[in-house]
Amino acid sequence: MSLLQIRNLDVTFDVAPRQSWPWTRPKKLQAVKDMSFDLEAGQTLGVVGESGSGKSTLARAIVGTVPASGGRILWDGGDLAQLTPRERRRHRRDVQMVFQDPLAALNPRMNVGQIISEPLLTHHPETSRADARRRAGEMMERVGLLPNLLNRYPHEFSGGQCQRIGIARALVLKPRLLICDEPVSALDVSVQAQVVNLLKRLTREMELSMIFIAHDLSVVKHVSDRTLVMYLGRKMEEGDARTIVRAPRHPYTQALIASVPIPDPVRERARIRPVIEGEPPSPVTPPSGCVFRTRCPKAQPDCAERVPPMLEPERSHLVACPYQEVISPLAV
């Protein structure tokens, strides 16, 4: 059985117009629409897409900080919406997050020892402070930091070190699922590689499942087993991470891959570069039918009439486009 199952998940927000009367009804913003996927135990799912595609909202709905408007989130076969407050508190130990801005995610008034041990004292109040501090030191070592730095404060660390502290705080409870919301986008390229390799090692050693959200498909390919491509809250393509990069079928995925540069001038000039023109439409007033049709180079008149069904051209490879074809940009 899958560890996490998302079935037809919708997340909708009420947006009040800038100039409106008190009785004016708010508009509906569909941040996530009809999202479905499975996550196996020990598997890493990469989620990619442009800004505003609903990636972070999807993560927050899974954690429970954003309420779902429809659909189901199943954890070990049980519906999270049916959990009692005590069961939900227990569930929070199993799902932890690593955030995008490493420094903003840490309390500047707490030292590193207090930051890492806080989840232990919150979810396991029977834990003594001495034991919590000892386990915090052990996690510091696992993420590549010296345990004698426990008394220092976040401003005394670099961005990469602060992200390691955030990872240690998330993993000190030994969760079963780690959700990383663009954890390397604020870091230098060399530090990005270190943090990605650290996450890969820790998920393997601790037998974790992970949802890794990012813009860069080359990073997602390196860390993920499967990749899910989102656009305007909907799933465009899902499949094996390497298959998605080497043989993308959806026009949106092809354009995302083409936007990643290759550090080889000869190969870079020889690449096929599908271009997406225009800006993403507003999620308050999404296009009818296929939400990508207003920017799609392959759009046909019938794309405006109905939402394209998920097709399976290959086993475990799903594409939301009836006019799909394989265009293979040179591998990233």
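Me: In this predicted model, what makes strand β10 (residues 234–240) largely enclosed by the rest of the structure?

Reply: Six of its seven residues are buried. Buried means under 20% relative accessible area, so strand β10 is largely enclosed by the rest of the structure.

Me: How do you know that β9 and β10 pair, and in which sense?

Reply: Two strands pair if at least two bridges are found between them. Strand β9 (residues 226–231) and β10 have six bridges, so they count as paired. The sense is antiparallel, and Thr-227 stands opposite Gly-239 in β10.

Me: What lies between β9 and β10?

Reply: Two residues lie between them, and the two strands form a hairpin. Leu-232 in the turn has a positive phi of about 50°.

Me: Now the charged side chains. Why is the contact of Asp-14 and Lys-28 called a salt bridge?

Reply: The N to O distance is 2.6 Å. The limit is 4 Å between a side-chain nitrogen of Lys or Arg and a carboxyl oxygen of Asp or Glu, so the pair qualifies. Asp-14 is in strand β1 (residues 4–15) and Lys-28 in strand β2 (residues 27–39), 14 residues apart, and the pair links distant parts of the chain.

Me: What separates Arg-134 and Asp-131 along helix α4 (residues 129–142)?

Reply: About one helical turn, because they are three residues apart in that helix. Arg-134 forms a salt bridge with Asp-131, with the closest N and O atoms 2.3 Å apart.

Me: Why is Arg-134 called partly exposed?

Reply: Its relative accessible area is 45%. Partly exposed covers the range between buried, under 20%, and exposed, over 50%, so Arg-134 falls in that range. Asp-131, with 26%, is also partly exposed.

Me: How do you know that Glu-205 and Arg-201 form a salt bridge?

Reply: Their closest N and O atoms are 3.3 Å apart, and the limit is 4 Å, so the pair counts. Both lie in helix α6 (residues 189–205), four residues apart, about one turn of the helix. Glu-205 is partly exposed at 42% relative accessible area, and Arg-201 is partly exposed at 27%.

Me: What joins Asp-131, Arg-134 and Glu-138 into one network?

Reply: Salt bridges that share partners join these residues.

Me: How many salt bridges does the structure hold?

Reply: It holds 14.

Conventions. Residues numbered from 1 in each chain as written. Predicted model: local features only at pLDDT ≥ 70, side-chain atom pairs only at ≥ 80, totals over all residues. Heavy atoms only, no water. Buried < 20%, exposed > 50% of the residue type's maximum accessible area, 1.4 Å probe, protein only.
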